[in-house]
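Please look over the model shown below. The briefing after it goes topic by topic.

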Amino acid sequence: MGRIIACSNHKGGVGKTTSVVNIGAGLARLKKKVLLVDMDPQANLTQSFGVNDPEFTIYEALKGEHALVPINADTNLDVIASSLELSGAEMELSSEAGREYIFTELLDPLVDKYDYIMIDCPPSLGLLTINALTAADELFIPLQPHYLAIKGLTKIIEVKDKVKKRLNKKIEITGVFVTQYDRRKILHRDVVDTINTYFQDKVFNTKIRDNIALAEAPSQGTDIFRYNPNCFGAEDYMQLCKEILKRHSQSK
Ligand SMILES: Nc1ncnc2c1ncn2[C@@H]1O[C@H](COP(=O)(O)OP(=O)(O)O)[C@@H](O)[C@H]1O
Ligand SMILES: [Mg+2]
């Protein structure tokens with residue numbers, strides 16, 4: 001059974017998509033079979049792998065038109081594409097019975113085919129994110145080291161708690177990590193201290209440094225390991241992947 005990890009934070013621009021792309025690519029390089037799911041109508045994950053105009057997307061699957069169709073992006077790495085049409089899904093599915101479970105049901109036939117399934121959530125806490133949290137075993141929260149970053153988390157923790165109570169008993173926050181980190185900034189170091197105090201052992205030791213190559217790679221339709229395997233971004237995401245695998249081997 002694959003581990004299902006939702007990557008969410010309702011704040012935009014914190015590094016959700018960059019992290020799902022590069023954790024996925026890193027785990028695939030470490031010989032894990034990985035499925036990445038683009039649950040965001042902005043379709044940045046889909047575009048990051050150079051998939052344009054996909055024939056099958058998550059939108060039609062959620063509407064019941066077909067099953068989830070993984071697109072192969074690289075060795076050991078498949079992607080479920082999204083499209084702008086997905087922005088209508090929350091409204092269109094709002095009166096459907098069992099609407100929170102639609103994605104769980106769709107994912108079910110694929111779970112045994114992968115070691116890791118990671119879901120890139122949109123920057124909101126609506127029905128799409130609820131569907132991701134209902135299917136997931138774990139929740140990863142990427143954060144920028146800003147003063148207000150932690151204050152904003154109250155809301156996502158509240159939603160996770162409700163999902164846990166009513167829809168999915170398994171879900172746990174298992175990985176909080178900092179992105180776009182600059183250790184020369186006192187503010188960044190202070191925020192990391194606060195995050196460690198608050199989330200304790202749920203915080204990954206690895207911090208993803210601010211690295212322009214991470215912002216450039218998507219324009220080439222590829223991940224950081226293909227774009228520039230020697231940059232800080234590749235180093236940090238590979239270290240994070242190893243930390244994820246180590247934690248999982250310890251918790252088995
Ligand atoms: N560690 C980093 N260093 C530099 N730029 C980054 C880093 N992480 C993300 N970015 C850039 O910041 C922007 C927001 O990141 P993104 O992953 O799209 O966030 P989200 O999915 O949370 O909205 C993007 O332009 C991305 O390329
Ligand atoms: Mg995104």
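Which residue in strand 4 is the bridge partner of isoleucine 71? It is valine 79 in strand 4. This is a predicted model, in which local features need pLDDT of at least 70, side-chain atom pairs count only at pLDDT 80 or more, and totals for chains, interfaces and linings use all residues. Residues are numbered from 1 along each chain as its sequence is written, while chains are lettered from A and ligands numbered from 1 in the order in which they are written.

**Sheet**

- Seven strands make an open, mixed sheet in the order 3-4-2-5-1-6-7. Helices (H or I, at least four residues) and strands (E, at least two) are DSSP runs, numbered from the N terminus. Two strands pair if DSSP finds at least two bridges between them.
- Strand 3 (71-74) and strand 7 (172-178) are the edges, each pairing on one side only.
- Neighbouring strands are turned by 25° against each other on average, direction ignored. Axes are lines fitted to C-alpha atoms, for helices over the stretch in contact, and angles run from 0 to 180 degrees between N-to-C directions.
- Strand 3 and strand 4 pair antiparallel over three bridges. They form a hairpin with two residues between them, and asparagine 76 in the turn has a positive phi of about 65°.
- Strand 1 (residues 3-7) runs parallel to strand 6 (residues 138-143), joined by three bridges. Cysteine 7 stands opposite phenylalanine 140 in strand 6.
- Helix 1 packs on the sheet and touches strand 1, strand 2 (34-38), strand 3, strand 4 (77-80), strand 5 (116-120) and strand 6. The direction of helix 1 makes about 165° with that of strand 5. Contact here means C-beta atoms, placed from the backbone, within 7 Å.
- Strand 6 and strand 7 pair parallel over six bridges. Leucine 139 stands opposite isoleucine 173 in strand 7.

- A residue is buried if 20 or more other C-beta atoms lie within 10 Å of its own, exposed if 12 or fewer, and partly exposed in between; C-beta atoms are placed from the backbone.
- In strand 7, five of the seven residues are buried.
- In helix 6 (residues 127-135), nine of nine residues are buried. They pack against strand 1, helix 4 (89-92), helix 5 (102-107), strand 5, strand 6 and helix 7 (153-166).
- Isoleucine 58 has contacts including Val37, Met39, Ile80 and Leu86, not counting residues up to four places away in sequence.

**Partly exposed positions**

- Glutamate 60 lies in helix 3 (residues 58-62). It counts as partly exposed because it has 18 C-beta neighbours inside 10 Å.
- Glutamate 60 and leucine 86 are 26 residues apart in sequence and 8.4 Å apart in space, C-alpha to C-alpha.
- Lysine 162 lies in helix 7. It is partly exposed, with 13 other C-beta atoms within 10 Å.

**Ligand 1**

- Of the 17 residues around ligand 1, Gly15, Lys16, Thr17, Thr18 and Ala215 come nearest. A residue is near a molecule or strand if its C-beta atom, placed from the backbone, lies within 6 Å of it.
- Helix 1 (16-29) and helix 9 (212-216) each supply at least two residues of the shell.
- The shell has six nonpolar, nine polar and two charged residues. Ala, Val, Leu, Ile, Met, Phe, Trp, Tyr, Cys and Pro count as nonpolar, Asp, Glu, Lys and Arg as charged, and the others, Gly among them, as polar.

Methods. Two residues are in contact if their C-beta atoms, placed from the backbone, lie within 7 Å.
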